[in-house]
Amino acid sequence: MLKTTINLEPGKKVYFASDQHFGAPNPKESKVREERFIRWMDEIKHDAQVLFLMGDLFDFWHEWKHVIPKGYVRVLGKIAELKDRGIHIYFFVGNHDLWMKDYLEEEIGCTVFYKKQYFEMGGKQFLLAHGDGLGPGDKGYKRMKKVFTNPVAQWFFKWLHPDIAMKIALYMSQKNKMISGDEDKEFLGEDKEFLIIYSKEKLKTQKIDYFIYGHRHLPMVLDLEEKAKYINLGDWISYFTYGVFEHDFELKTFGESAKKLPHK
């Protein structure tokens, strides 16, 4: 099991955020949420040592050889500013931006992950992942992800003109419930939540203090066995929640939540 160890400096914190889905439902409404996220990054930059962006920063992202999606200049610029200040930035590819390649690494200096990762921070053990496709079930999505990540499918898609490709992709991203997550917004119970089941199975063989995921859009901190915690970071569409770790983990809201936080 490969693990990255981060030695926290005195007074410094680790921040986590997920599922911003910038670009949705349209550029005008997205820009309001982008501005709120930028204000949050401005606030945390003074004490952040590490920022984990846990996936689906964009509602759709694809990199051609010489083209990236239009927009997001201020968001990307602010991330670059944080990196230039010496803040380590780790980006987990989600199911909406899974066609990310090397742009964020080469232009900003982020470290990009395509699968779950293990970290040790402040003497605590973390398992971090966007969360899509982990655990039992969810077979329809897993089959679809195999198609999206298939090299042949990707080769054909990249030859579409970007205007056509983006129009198709954004439509699918928002209208297909399996992709958008609209069919999966309520807490199903511990015995039916794939990521909770997955975390409990991991605890049988590994010592993990914090399981931190995005994907489900439901902000939640749940106590598991062995004093471990299951954490879902929520989103920046309805909840505007984020995680912060210094000596312990806290789930917080930036400003007013647009939706009542789930009772869990």
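At what angle do the axes of H1 and H2 cross, and within what distance do they come?

A: This is a predicted model, in which local features need pLDDT of at least 70 and side-chain atom pairs count only at pLDDT 80 or more, while totals for chains, interfaces and linings use all residues. Residues are numbered from 1 along each chain as its sequence is written, and side-chain values use heavy atoms, with hydrogens and water left out.

The axes of H1 and H2 cross at roughly 10° and come within 10 Å. Axes are lines fitted to C-alpha atoms, for helices over the stretch in contact, and angles run from 0 to 180 degrees between N-to-C directions. H1 and H2 are therefore roughly parallel to each other, a term for angles under 35 degrees. Helices (H or I, at least four residues) and strands (E, at least two) are DSSP runs, numbered from the N terminus.

Helix H2 covers residues 73–84, 12 residues in number, and spans 16 Å from its first C-alpha to its last. This is close to the 16 Å expected at 1.5 Å a residue, where the expected span is 1.5 Å times one less than the number of residues. Just after H2, glycine 86 has a positive phi of about 95°.

Within H2, the buried residues are Val75, Leu76, Lys78, Ile79, Ala80 and Leu82; buried means under 20% relative accessible area with a 1.4 Å probe, counting protein chains only. Their cover includes helix H1 (27–44), strand S3 (48–53), strand S4 (88–92) and helix H3 (103–107). On the H1 side, Lys31, Glu34, Ile38, Met41 and Asp42 meet Arg74, Val75, Lys78, Ile79, Glu81 and Leu82 in H2, contact meaning heavy atoms within 4.5 Å.

The strands S3 and S4 run parallel and are joined by 4 bridges; two strands pair if DSSP finds at least two bridges between them. Leucine 51 stands opposite isoleucine 89 in S4. Both strands belong to an open sheet of 6 strands in the order S5-S4-S3-S2-S11-S12, with mixed pairing. Strand S5 (111–113) and strand S12 (249–253) stand at the edges with a single partner strand each, so one side of each is left without a neighbour in the sheet. From one strand to the next, the twist averages 20°. H1 lies across strand S2 (13–17), S3 and strand S11 (241–245), and runs at about 170° to S2.

Terms used: Buried means under 20% relative accessible area, exposed over 50%, partly exposed in between (1.4 Å probe, protein chains only). Angles under 35 degrees count as roughly parallel, over 145 as roughly antiparallel, 65 to 115 as roughly perpendicular and the rest as oblique.
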